[in-house]
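This report covers selected local features of one model. The sequence and structure come first.

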Amino acid sequence: MMEIKYKQEENLDWQEFRATLIASTLGERRPIDDLDRIKLMVENANLIVTARHEGKLVGVARSVTDWVFCTYLSDLFVDKNYQKQGIGKELIRQTKLLSREAKLILLSAPAAVDYYPRIGMTHHPKAFMLDDADALL
């Protein structure tokens, strides 16, 4: 069993973030070619938990939180070569431990929708999204 080290990182390199995002399945649904946007995604998150194997970034939980009411876990990904080892679950656990009072919220990637209930998370059927302000009636 390989040793994975988990850590809150305040200054994660956006290029390392991007490379690991590409190495995961989540890269297909993120703006990996918009480098400015990727950089701002990392810089503007206020809670980033990483998983590293021998110094190599292999997983990330990127969140925005107020620390007391809600933590939105906006990106959770693990390098394909490191998946199915409990790394994603531990990234979620570490994120929750760092924002204990806050409810942890995430939107599932289509391929992961069955994963979250298996690890003990509760499905919430009343979530809504808005991509375009002009879509409001």
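Is Lys 56 buried, partly exposed or exposed?

## Basis

This is a predicted model, in which local features need pLDDT of at least 70, side-chain atom pairs count only at pLDDT 80 or more, and totals for chains, interfaces and linings use all residues. Residues are numbered from 1 along each chain as its sequence is written, and side-chain values use heavy atoms, without hydrogens and water.

## Lys 56

Lys 56 is partly exposed, at a relative accessible area of 40% (buried is under 20%, exposed over 50%, partly exposed in between; 1.4 Å probe, protein chains only). Lys 56 lies in strand β3 (helices, H or I, of at least four residues and strands, E, of at least two are DSSP runs, numbered from the N terminus).

Beyond its neighbours within four places in sequence, Lys 56 has Ala 51, Asp 79 and Tyr 82 in contact (heavy atoms within 4.5 Å). Leu 130 is 74 residues away from Lys 56 along the chain, and their C-alpha atoms are 36 Å apart.

## Helix α3

Ile 87, Gly 88, Glu 90, Leu 91, Ile 92 and Thr 95 of α3 are buried. The cover over the buried residues of α3 includes β1 (5-8), β2 (47-53), β3 (56-65), β4, β5 (103-105) and α4 (115-118).

## Tyr 72

Tyr 72 belongs to strand β4, residues 70-78, and is partly exposed, with a relative accessible area of 33%.
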